[in-house]
Amino acid sequence: MRFELRHDVVVARPIDEVFSALALPEHLERVIRLSPMATRFELLGTRSGPTPATMIARFEFGERVRMLGGLYTAEFAMRGEQTVDSEAKQVDYRTSSTGGAQIRVHKVRTFAQCAEGTRVSEVVSGDAAPGLHWIARRSARAAHVDHMSRYPDLFEKPAW
């Protein structure tokens, strides 16, 4: 069963700086760990994409999802691939669960210069197993907005 959502944030930094922090593989772990749901991360590798302006990163991470009002917590192992197009200032991000209930997420992140800095827009479409899709629909929006609201933190805290 499908779910879809969209959200935008403005980061008060130049587009090249924001794109680098939110798109390039060397920063991918920091971006994923902005989510309080993230439990682990491993970059599996990078390679050139189909054009000189693209790069592909493969990765795995874990997410802990609270269910039933926090009475139950489920751990999901996810595997993903992110294609970065530096010319188009776009990230195409696809993940899927590696075991248990099937969840797939496709996220397109775009960047645009605006008067306040850089507008980061994300369109997320996902597919979850029947039953789980109700939880995904309810929690995905809040989790997505929370995660994106933390993007400016990447510029306030030192890299680790």
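Me: When does a charge sit over a ring, and at what distance from the ring centre does Lys107 lie over the face of Tyr93?

Reply: A charge sits over a ring if NZ of Lys or CZ of Arg is within 6 Å of the ring centre and within 35 degrees of the ring normal. The model discussed here is predicted. In this model, Lys107 lies over the face of Tyr93, and the distance from the ring centre is 4.7 Å.

Me: Over the ring of which residue does the charged end of Lys89 sit?

Reply: The cut-off for such a contact is within 6 Å of the ring centre. The charged end of Lys89 is placed 4.8 Å from the centre of a ring, and that ring belongs to Phe19.

Me: What is the angle between the planes of Phe19 and Phe111?

Reply: The structure holds four aromatic pairs. One of them joins Phe19 and Phe111, with 5.0 Å from centre to centre. The pair links distant parts of the chain, with Phe19 in helix H1 and Phe111 in strand S6. Planes over 60 degrees apart count as edge-to-face, and this edge-to-face pair has an angle of 80 degrees.

Me: Are Phe19 and Phe111 buried or exposed?

Reply: Under 20% relative accessible area a residue counts as buried, and over 50% as exposed. Phe19 and Phe111 are both buried.

Me: Is the pair of Phe41 and Phe59 stacked or edge-to-face?

Reply: The ring centres of Phe41 and Phe59 are 6.1 Å apart, with 20 degrees between the planes. Phe41 belongs to strand S2 and Phe59 to strand S3, 18 residues apart. Planes under 30 degrees apart count as stacked, so the pair of Phe41 and Phe59 is stacked.

Me: How far apart are the closest N and O atoms of Arg104 and Asp127?

Reply: Arg104 lies in strand S6 and Asp127 in strand S7, 23 residues apart. A salt bridge requires the nitrogen and the oxygen to be within 4 Å. The closest N and O atoms of the Arg104 and Asp127 salt bridge are separated by 2.6 Å.

Me: Which residue is linked with Lys107 and Arg109 in a network of salt bridges?

Reply: The structure holds 12 salt bridges. In one network of salt bridges, Lys107 and Arg109 are linked with Glu122.

Definitions and conventions: Residues are numbered from 1 along each chain as its sequence is written. This is a predicted model: local features need pLDDT of at least 70, side-chain atom pairs count only at pLDDT 80 or more; totals for chains, interfaces and linings use all residues. Side-chain values use heavy atoms; hydrogens and water are left out. Rings of Phe, Tyr and Trp (its six-membered ring) pair if their centres lie within 6.5 Å; planes under 30 degrees apart count as stacked, over 60 as edge-to-face and the rest as tilted. Helices (H or I, at least four residues) and strands (E, at least two) are DSSP runs, numbered from the N terminus. Buried means under 20% relative accessible area, exposed over 50%, partly exposed in between (1.4 Å probe, protein chains only). A salt bridge is a side-chain nitrogen of Lys or Arg within 4 Å of a carboxyl oxygen of Asp or Glu.
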